[in-house]
Amino acid sequence: MNELNLDYKFSVAPMMGVTTSSARYMYRLISKKAVLFTEMIASQALHRGDFKKMLRKETIESPVILQVGGSDVNLLKYSTELANQYNYQGINLNVGCPSKKVSQGKMGACLMKEANLVKQCLEGMVSETSMDVSLKCRIGVDEFDTYEFFKSFISTVIESGIKIIFIHARKAYLKGLDPKRNRTLPPLKYDFVYKIKKEFPHIKFIINGGLDNIDDCLDQLNYLDGVMVGRSIQANPFFLEDVDSNFYNLEKIEIDRSFVVKKYFDYVKENIDLISTYELLSPLLALCFGVPGSKKFKQEINNLIRSRDIQKLEYAYLNLIAA
Ligand SMILES: Cc1cc2nc3c(=O)[nH]c(=O)nc-3n(C[C@H](O)[C@H](O)[C@H](O)COP(=O)(O)O)c2cc1C
């Protein structure tokens, strides 16, 4: 069996409205090695829409995995071709999103009820590329929440030839819970993921859900092949500071936070006429994480964002970091 192209010990989870190209640019200034993901893009949108705009990214972001949604094999094959063309390092199929709109488009977590279809989709994607093809799923959906169901789903989808699966270790409710509550209310069941790894040791399993500190992430490597972290990085991108040394054995280097801020502002200035101000500036808001008085600072920042005063914003951030 072929090996994977990338080392997935630490990934930043795909997050709609969060893991934009701009946020990924910032994350890459902090970690050289973490595997980054795009937001989910529907394969239909790639087919019908302005795919050049949707797939745009900076070279320094690599490695980046394109996450797609869909269940039409031909559209997914087409998305895979585009991922090849646009120099992504992998493609990932989302079978974990419980949103109503996503389910109506026959995408996301509802597909966990159709393991054979998911297998066919992945087979199609694998046939188009030598990049890593992967899946992101939950441990169950609605009343299909036993370990036996989960095992049967996994044993079917790996017949496609994929070698890596990212698992958000809670089930999804398709009715009655919105996506936000679907990320907190269903209990985390890490034991399902540990057990599945024992049953299919040749497949790489990456655990996701509720990991909020580096020590707990490192502990997961005793059982599994890697971790994927979402909201903790959304809230505080400097969470990534210790990833290269702890997960990829690189020498520990103190990250110079003012250097990160300066570099990011160079990027903002270069792109101010190309990318929406909201996308460009929203990754900056998270940099106030845990800073005393950050509420007042955020208010000040919001005012500067509204007035698009980039120079003043840069000074405000540099002062904050220096303090
Ligand atoms: C704002 C937001 C948007 C998300 N969008 C996606 C998405 O596009 N695709 C996906 O597979 N998961 C998405 N997720 C789920 C995350 O990838 C992850 O599975 C979930 O947040 C649990 O991990 P965490 O506890 O580390 O945050 C999203 C989560 C958040 C908070």
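**Overall count.** I began with the secondary structure of this predicted model. I find 15 helices and 8 strands in the chain.

**Size.** Next I checked the dimensions. Along the principal axes, the C-alpha atoms occupy a box of roughly 55 × 45 × 40 Å. I then asked myself how the radius of gyration compares with that of a compact globule. For 323 residues such a globule would come out near 20 Å, and the chain has 20 Å, so the two agree.

**Burial and contacts.** I looked up burial over the whole chain: 41% of the 323 residues are buried. For contacts, I took those with a separation of 6 or more; 73% of them join residues 24 or more positions apart.

**The sheet.** What is the strand order in the sheet? I read it as S1-S8-S7-S6-S5-S4-S3-S2, an open sheet of 8 strands with parallel pairing. The edges are S1 and S2, each of which pairs on one side only. From one strand to the next, the twist averages 25°.

I also noted a helix on this sheet. H6 (residues 115-127) packs there and touches strand S4 (90-95) and strand S5 (132-137). The direction of H6 makes about 170° with that of S4.

I zoomed in on how S1 is joined to its partner. S1 and strand S8 (residues 226-229) run parallel and are joined by 3 bridges. Taking Phe10 as my example, I found its bridge partner in S8 to be Val227.

**Helix H1.** Is H1 mostly covered or uncovered? Mostly covered: 10 of the 10 residues in H1 (residues 21-30) are buried. I jotted down a few of the buried ones, including Arg24, Arg28, Tyr25 and Leu29. An α-helix has 3.6 residues a turn, so residues three or four places apart point the same way.

Then I asked what the buried residues of H1 pack against.

**The ligand shell.** Last, I turned to the ligand. I count 23 residues around the ligand, the closest being Ala13, Met15, Met40, Gly230 and Arg231. The elements giving two or more residues to this shell are S2 and helix H10 (231-235). Sorted by class, the shell has 9 nonpolar, 10 polar and 4 charged residues.

Notes:
Residues numbered from 1 in each chain as written. Predicted model: local features only at pLDDT ≥ 70, side-chain atom pairs only at ≥ 80, totals over all residues. Buried ≥ 20, exposed ≤ 12 C-beta atoms within 10 Å, placed from the backbone. Helix = DSSP H or I, 4+ residues; strand = E, 2+ residues; numbered from the N terminus. Contact = placed C-beta atoms within 7 Å. Rg over C-alpha atoms; globule rule 2.2 N^0.38 Å. Near = placed C-beta within 6 Å. Nonpolar A, V, L, I, M, F, W, Y, C, P; charged D, E, K, R; others polar. Pairing = 2+ DSSP bridges. Axes fitted to C-alpha atoms, helices over the stretch in contact; angles between N-to-C directions.
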